[in-house]
Amino acid sequence: MKKLWQRCHAATMARGEYSIIQDAAILTDGARIEWIGPREAAPDIGECERVDLEGAWVTPGLIDCHTHLVFGGDRSAEFEERLQGVSYADIAARGGGIASTVRATREASEDALFETAKSRALGLMREGVTALEVKSGYGLDLENERKMLAVARRLADALPLTVRATCLAAHALPPEYANRADDYIAYVCDEMLPALVADGLVDAVDAFCEHIAFSTQQVERVFRRAHELGVPVKLHAEQLSSLHGSSLAARYQALSADHLEYMTEEDAIAMARSGTVAVLLPGAFYMLRETQSPPVDALRRHRVPIALASDLNPGTSPALSLRLMLNMGCTLFRMTPEEALASVTVHAARALGLDATHGSLEAGKVADFVAWRIGRPAELAYWLGGALANRVVRGGEEIDFDRIAQ
C-alpha cells in the first residue's frame with residue numbers, strides 16, 4: 001500500500017545539509033520512499049492512504065552508530081571512584097573497567113542480556129533511533145562473544161529496528177590470557193573470527209587500539225584476518241593517546257575510526273583519503289572529564305565525515321539518549337546543530353555501511369523517518385533531556401511503542 005505523508009516540513013539531510021523542503025510530502029511504497037518534494041508537486045497517484053503529519057518537522061530516522069548495548073551489570077561504583085580522583089587507567093589496571101563488565105556478562109544468560117538490551121534499545125527508539133550498531137567485546141571468548149552477537153541478532157528480529165552487529169573481541173585482554181596479548185590476538189584471528197563469521201553473526205570487526213588495550217601491530221593482525229574473511233573493519237582509536245590507529249584504520253579502508261581525541265592532522269588526511277568516518281563520542285569525553293577535544297577543525301578542513309554516537313556502555317558512557325549527544329557535540333566540540341543532525345543521520349549511516357539505503361530522505365531509500373513537534377530542526381540539539389513529541393516511522397510503518405514494549 002502506498003502512503004502519502006503530508007502537511008509537514010522536511011529536513012532531508014541530503015549531502016549532509018538540512019536541505020529543507022517547506023510544506024513537504026513523502027510518498028512511500030511499502031518500506032521505501034518513492035518520492036519526496038513540495039506537496040504541491042506531489043505526483044497524482046490516485047487512491048492511497050494519506051497521513052496528516054499536522055505541520056511536524058520530518059527528519060531521517062536517527063542512527064546510533066557506536067553502542068555497547070549488550071552487557072551485564074553496571075559500573076556505578078567505579079563512577080564514584082573516578083569522581084574521587086582515581087583514573088580510568090588505574091581502575092582498569094587492578095581488574096576493574098572492562099574486565100569487571102566481562103565477568104558480569106559472562107555470568108548472565110543470553111535471555112537476561114536480551115531483556116536488558118531490549119529495554120535500552122526501546123529507550124533509544126522512542127527518541128527517534130531507527131538503526132543502531134551493537135558491539136560485542138564483553139565476552140572475550142568464543143562462547144560469550146557468540147552469546148552477545150546472538151542477542152544483537154535477536155534484537156533485530158524482535159524490534160522494528162535495523163541492527164548492525166560488530167565483533168569487538170579485541171576489546172581487552174581476558175584474565176585467562178594475562179600477559180599474553182599476542183596469544184590472545186592469535187586466538188581472536190584463528191578461532192573466534194572465523195567461527196563467528198561462519199555463524200552469520202558479524203557485520204563488521206572492531207578493535208581497541210590503545211596503550212591499555214592492543215598495539216597497532218596487534219590490531220593490524222585482526223584487520224588482515226577480517227579482510228581475509230570479507231568483513232569490513234572499524235577502530236577505537238586515539239581516545240587516550242596518539243598511536244595513529246586512525247591512520248592504520250584508513251589504510252584498511254575502515255568504515256570508521258572512533259573517539260579520536262588525540263588524533264593528528266596527518267591522521268585526518270589519511271581518513272579523508274580513505275573515506276573513513278570520524279565517529280566522535282561526547283558521552284565518554286564528558287564522563288571521563290577529558291580536556292583534549294577531537295580536532296574538529298582539522299576534520300572539517302579535510303572534509304572527513306563526522307558522526308556522533310552515544311557509545312552506550314556501562315563504564316565510560318552510560319548514555320541512554322542519542323539526542324543528548326547532539327547537544328554535547330555542539331557544546332563540547334563546537335559543532336553546529338546542522339552538523340550534529342547530519343552526524344546522526346547521513347554520516348552515521350556511512351559509518352555502518354548503510355549509506356546507500358539509510359540516513360537521508362531521498363527516493364529509493366528506506367522509509368525511516370521521524371515527525372517531530374518542533375518549530376525548527378535546531379531544537380533537536382537545543383533541548384537538554386526530556387521527551388520531544390514525535391511519531392517514529394520505520395520501513396513505512398508508524399511504530400506503536402505500547403505494543404512492542406509488551
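Predicted model: local features only at pLDDT ≥ 70, side-chain atom pairs only at ≥ 80, totals over all residues.
## An exposed arginine in a loop

At 76% relative accessibility, Arg303 counts as exposed, because the cut-off for that label is over 50%. Arg303 belongs to the loop that runs between α11 (296-301) and β12 (306-308). Its backbone has something to notice too: although Arg303 is not a glycine, its phi is positive, at about 60°.

## A buried methionine with a positive phi

Now hop over to Met13, which is not a glycine either and has a positive phi of about 65°. You'll find Met13 in the loop between β1 (2-11) and β2 (20-29). Is Met13 buried or exposed? With a relative accessible area of 0%, Met13 is buried, since anything under 20% gets that label.

## Spaces inside the model

Rolling a probe the size of a water molecule over the atoms shows where empty space is left. How many cavities of 30 Å³ or more does the structure hold? There are two. The largest cavity has about 130 Å³ of space. It is lined by 13 residues, and Tyr88, Ile98, His171, Asn313 and Thr316 are the closest to its centre. Sorted by class, that lining has four nonpolar, seven polar and two charged residues.

The second largest cavity comes in at about 40 Å³. Among the residues lining this second cavity are Pro60, Gly61 and Ile63, along with His358, Gly359, Ser360 and Leu361. Four nonpolar, five polar and one charged residues make up its lining.

## The largest pocket

Then there's the largest pocket, with about 490 Å³ of space. Its lining counts 22 residues, and those closest to the centre are Ala92, Ala99, Ala172, Leu173 and Ile212. Which elements give two or more residues to the lining of this pocket? They are α2 (88-93) and α3 (98-107). By class, the pocket lining splits into 16 nonpolar, five polar and one charged residues.

## Residues the record points to

An unreviewed UniProt entry lists Arg75, Tyr138, His171, Gln239 and Thr316 under "binding site". From that set, Arg75, Tyr138, His171, Gln239 and Thr316 turn up in the lining of the largest cavity.

Two of these residues deserve a stop. Tyr138 sits in the loop between β6 (129-135) and α5 (142-158), and it is buried, with a relative accessible area of 2%. Leaving aside residues up to four places away in sequence, the contacts of Tyr138 include His68, Val70, Phe71, Glu145, Met148 and His171. Gln239, in turn, is found in the loop between β9 (234-237) and α8 (245-251). Gln239 counts as buried at 6% relative accessibility. With the residues up to four places away in sequence again left out, Gln239 touches Phe208, Glu210, His259 and Tyr262, among others.

## A serine in a strand

Last stop: Ser256, in strand β10 (residues 256-259). Ser256 has 0% relative accessibility, so it counts as buried. What does the side chain of Ser256 make a polar contact with? Its partner is the side chain of Lys234, at 3.0 Å. Lys234 is also one of the residues that Ser256 touches when those up to four places away in sequence are not counted, and the others include Val233, Leu235, Thr276, Val277 and Ala351.

Methods: Residues numbered from 1 in each chain as written. Heavy atoms only, no water. UniProt positions renumbered as here; feature names shortened; annotations may be inferred. 1 Å grid on protein atoms, 1.4 Å probe; cavity = no way out; pocket = protein on both sides within 12 Å on 5 of 7 lines; lining within 4 Å. Helix = DSSP H or I, 4+ residues; strand = E, 2+ residues; numbered from the N terminus. Buried < 20%, exposed > 50% of the residue type's maximum accessible area, 1.4 Å probe, protein only. Contact = heavy atoms within 4.5 Å. Polar contact = N/O pair within 3.5 Å; in protein donor to acceptor, adjacent residues only side chain to side chain. Points joined across faces, edges and corners; volume = space filled by probe spheres on them. Nonpolar A, V, L, I, M, F, W, Y, C, P; charged D, E, K, R; others polar.
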